[in-house]
Amino acid sequence: MGVSERVEEVSIYAHRGMSGTFPENTMTAFQAALDAGVEGIELDVQMSKDGHLVIIHDEQINRTTNGKGYVKDLTLDELLGLDAGGWFSSNFIGEGLPSLQLVLEWLLEEGNDLTLNIELKNDIIAYEGMERKVLDLIDRYQLQDRVIISSFNAPSLKKVKAINPNISVGYLIAGVKQDAIKVARDIGADAIHCQPSFALSTYGRDAIEKGFPLRVYTVNERAVKEQLVETGVEVIMTDVPEQLK
């Protein structure tokens, strides 16, 4: 099967939304990705001081907002009051951090059939109860069939599967992790989320043969995309979906 035939089988997910041209993990970046015709978006969840789920990649707010400090030390109201767009460009001053609830409500809007990959950012800070909070919110909006949960934290993903065995789970790895298949099996993961180095290695090919689809991050070059398509990966996550679609 040639590249032209296999391209249609590969889904494109916008990494933190269309983060190459819009401020990452904002509603503007997510809407731009939807408008670009992607199949899904990937985003990151941290937890506020008062136990709410907020979309931001870093444990600290310093890089992508006009504030300083840790997400875990600020309330939801404090976090939602931050400017999360001005750091990227003056065109986006006033863009806020979204809550997970806001994103799920957006997913239910007419014309939005995206798959949502929620990465639990609990591999550095152990957010107590994060798994159940995320799953309860997904259940409230009846979006189980459109959501994938991923994390570098294998015990956390095992907990997710224990709470809801039917939710799709992706074991997230960096580099060429030789025991990835073993850990994914132990979790009960449905897929492995990996970098191109793993997907293009013998371990990656073995994972696909053993029934673990690969969802690959973060691919911004067309030549790399074409290699991955030939390998038979399921999803390619990119900052620039408008260039890879």
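Trainee: Is Ile55 buried or exposed here?
Mentor: Ile55 is buried, because its relative accessible area is 0%. Buried means under 20%, exposed over 50% and partly exposed in between, with a 1.4 Å probe and protein chains only. This is a predicted model, where local features need pLDDT of at least 70 and side-chain atom pairs count only at pLDDT 80 or more, while totals for chains, interfaces and linings use all residues. Residues are numbered from 1 along each chain as its sequence is written, and side-chain values use heavy atoms, with hydrogens and water left out.

Trainee: Which strand does Ile55 lie in?
Mentor: Ile55 is part of strand S3, residues 53–55. Helices (H or I, at least four residues) and strands (E, at least two) are DSSP runs, numbered from the N terminus.

Trainee: And what does Ile55 touch?
Mentor: Not counting residues up to four places away in sequence, the contacts of Ile55 include Asn25, Phe30, Leu43, Val45, Leu97 and Val103. Contact means heavy atoms within 4.5 Å. Val45 is 10 residues from Ile55 in sequence, and their C-alpha atoms are 4.7 Å apart.

Trainee: Asn25 is on that list. Where is the place of Asn25?
Mentor: Asn25 sits in the loop between S1 and H2. At 2% relative accessibility, Asn25 counts as buried. Its phi is near 55°, a positive value in a residue other than glycine.

Trainee: What about Arg16, where does that one lie?
Mentor: Arg16 is in the loop between strand S1 (11–15) and helix H2 (27–35). Its phi is near 60°, again positive in a residue other than glycine. Arg16 counts as buried, at 15% relative accessibility.

Trainee: New topic: the largest nonpolar core. How many residues has it?
Mentor: The largest nonpolar core has 73 residues, and those with the most contacts inside it are Ile41, Ile118, Ile149 and Ile192. A core here is a set of buried Ala, Val, Leu, Ile, Met, Phe, Trp, Tyr and Cys residues joined through side-chain atoms within 4.5 Å. In soluble globular proteins, nonpolar side chains tend to be buried together.

Trainee: What is Ile41 in contact with?
Mentor: Leaving aside neighbours within four places in sequence, Ile41 is in contact with residues including Tyr13, Phe30, Trp106, Leu114 and Leu116.

Trainee: Pockets next. What volume has the largest pocket?
Mentor: About 210 Å³. On a 1 Å grid over the protein atoms alone, a pocket is an open set of points with protein on both sides within 12 Å along at least five of seven lines, a cavity is a set where a 1.4 Å probe fits but cannot get out, and lining residues have an atom within 4 Å of a point. Volume is the space filled by probe spheres set on the points.

Trainee: Which helices supply the lining of the largest pocket?
Mentor: Helix H4 (100–107) and helix H5 (130–140) each supply at least two residues. H5 gives the largest share, four residues. Among the lining residues are His52, Leu53, Gln101, Lys133, Asp136 and Arg140. The lining divides into four nonpolar, four polar and three charged.

Trainee: How many cavities of 30 Å³ or more does the structure hold?
Mentor: One. The largest cavity has a volume of about 40 Å³. Asn25 turns up again in its lining, along with Glu24, Ile56, His57, Thr64, Ala84, Trp87 and Leu97.

Trainee: Now Phe152: where is its place?
Mentor: Phe152 is in the loop between strand S5 (147–151) and helix H6 (154–163). At a relative accessible area of 30%, Phe152 is partly exposed. Beyond four places in sequence, its contacts include Glu119, Asp123, Tyr171 and Tyr217.

Trainee: Is Tyr217 buried or exposed?
Mentor: Buried, at 13% relative accessibility. Tyr217 lies in the loop between strand S8 (214–216) and H10. Tyr217 and His15 are 202 residues apart in sequence, yet 7.7 Å apart in space, C-alpha to C-alpha.

Trainee: And Ala223, which helix is that in?
Mentor: Helix H10, residues 222–231. Ala223 counts as exposed, at 52% relative accessibility.

Methods. Nonpolar A, V, L, I, M, F, W, Y, C, P; charged D, E, K, R; others polar.
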